[in-house]
Amino acid sequence: MTDTSIKVLLADDERLVRSGFRLLLDLEDDITVVGEATNGAEAVELARATRPDVVLMDIRMPRLDGIRAAEQIVEMPGMDRVRILILTTYDTDENVFEALQAGASGFLLKDAGPAELLHAIRVIAAGDALLAPRVTRRLISQFTARRKAAQAGEDRLAVLTDREREVLALVAQGLSNDEIGAALFLSPATARTHVSRTMGKLGARDRAQLVAIAYQTGLCQCTEQH
């Protein structure tokens with residue numbers, strides 16, 4: 001393991017799944033598997049011990065599910081840089097939204113190909129959110145629609161300027177900083193600054209949580225795209 005390796009913790013109760021992931025990741029020079037957890041409670045303890053860059057976390061596990069485990073990990077002191085990549089079997093899993101609220105930086109379907117998995121790990125490790133726009137927009141809009149639309153949405157967004165609201169809406173649509181800048185006739189650096197300020201004002205851990213907030217507050221209600 002080099003100092004620049006991406007440290008990955010695997011958390012899945014299925015042995016074959018963990019073995020498959022490890023075989024794939026061990027082939028990569030820039031990724032190192034630092035541990036394997038068979039349940040959520042183990043994942044929390046191993047995360048504390050190994051301080052991984054990325055936790056590949058299954059949702060459904062015994063003792064402690066992946067969502068509760070993610071909550072505990074991101075709330076631990078000194079774990080600000082740890083990123084959670086949630087694994088789900090179905091793209092209609094309601095728990096995906098809860099996972100984003102819990103602090104996960106994104107999610108990946110278990111049937112994703114090797115290249116997609118490796119890309120996801122590197123994106124998450126770099127501090128970005130992994131948002132599959134079509135699936136994520138559908139999931140979030142579908143399940144937040146069931147919640148009370150009046151969940152103090154306006155009150156929560158009152159701290160934002162009009163420009164920051166525009167930026168938040170564009171983040172929710174999956175646009176990068178460069179794309180946001182182009183849409184609003186701003187430089188990428190200025191767009192990045194607006195995104196960072198919006199995250200700070202809303203207490204969002206990363207762009208994934210900004211997306212969740214945008215839908216939860218009713219700011220953005222995108223239809224599914226094909």
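1. Start at Ile84. Leaving aside residues up to four places away in sequence, Ile84 touches Val55, Met57, Ala70, Ile73, Val74, Ala104, Ser105 and Gly106. Contact here means heavy atoms within 4.5 Å.

2. Basis of the note. This is a predicted model, with local features needing pLDDT of at least 70 and side-chain atom pairs counting only at pLDDT 80 or more, while totals for chains, interfaces and linings use all residues. Residues are numbered from 1 along each chain as its sequence is written, and side-chain values use heavy atoms, with hydrogens and water left out.

3. Overall make-up. The chain has 11 helices and five strands. These are DSSP runs, numbered from the N terminus: helices are H or I with at least four residues, strands are E with at least two. Of the 226 residues, 49% count as buried. Buried means under 20% relative accessible area, exposed over 50%, and partly exposed in between, with a 1.4 Å probe and protein chains only. Among contacts between residues at least 6 apart in sequence, 67% join residues at least 24 apart.

4. Five strands form an open sheet, ordered 2-1-3-4-5, with parallel pairing. Strand 2 (31-37) and strand 5 (106-109) are the edges, each pairing on one side only. Neighbouring strands are turned by 25° against each other on average, direction ignored. Axes are lines fitted to C-alpha atoms, for helices over the stretch in contact; angles run from 0 to 180 degrees between N-to-C directions.

5. Strand pairings. Two strands pair if DSSP finds at least two bridges between them. Strand 1 and strand 3 run parallel, joined by four bridges; Val8 stands opposite Val54 in strand 3. Strand 3 and strand 4 pair in the parallel sense over five bridges, with Met57 opposite Ile86 in strand 4. The chain crosses from strand 3 through helix 3 to strand 4 in a right-handed β-α-β crossover. Right-handed means that, with the strands pointing away from the viewer, the path from the first strand over the helix to the second runs clockwise. Strand 4 and strand 5 are also parallel, over four bridges; Leu87 stands opposite Leu108 in strand 5.

6. Helix 3 and the core. Helix 3 lies across strand 3 and strand 4, at about 155° to strand 3. The largest nonpolar core has 26 residues, and Val55, Met57, Ile73, Ile84 and Ile86 have the most contacts inside it. Strand 1 (6-11), helix 2 (40-50), strand 3 (54-58), helix 3 (66-75), strand 4 (83-88) and helix 4 (95-102) each give two or more residues to this core. Helix 3 supplies the largest share, five residues. A nonpolar core is a set of buried Ala, Val, Leu, Ile, Met, Phe, Trp, Tyr and Cys residues joined through side-chain atoms within 4.5 Å.

7. Strand 3 and Asp58. Five of the five residues of strand 3 are buried. Both faces are covered: Val54, Leu56 and Asp58 on one side, Val55 and Met57 on the other. Asp58 counts as buried because its relative accessibility is 5%. Not counting residues up to four places away in sequence, Asp58 touches Ala11, Asp12, Asp13, Gly66, Leu87 and Lys110. The unreviewed UniProt entry annotates Asp58 as "modified residue: 4-aspartylphosphate". UniProt positions are given in the numbering used here, feature names are shortened, and annotations may be inferred rather than shown by experiment.

8. Helix 8. In helix 8 (residues 162-172), the buried residues are Glu164, Val167, Leu168, Ala169, Leu170, Val171 and Ala172. Just after helix 8, Gly174 takes a positive phi of about 90°.
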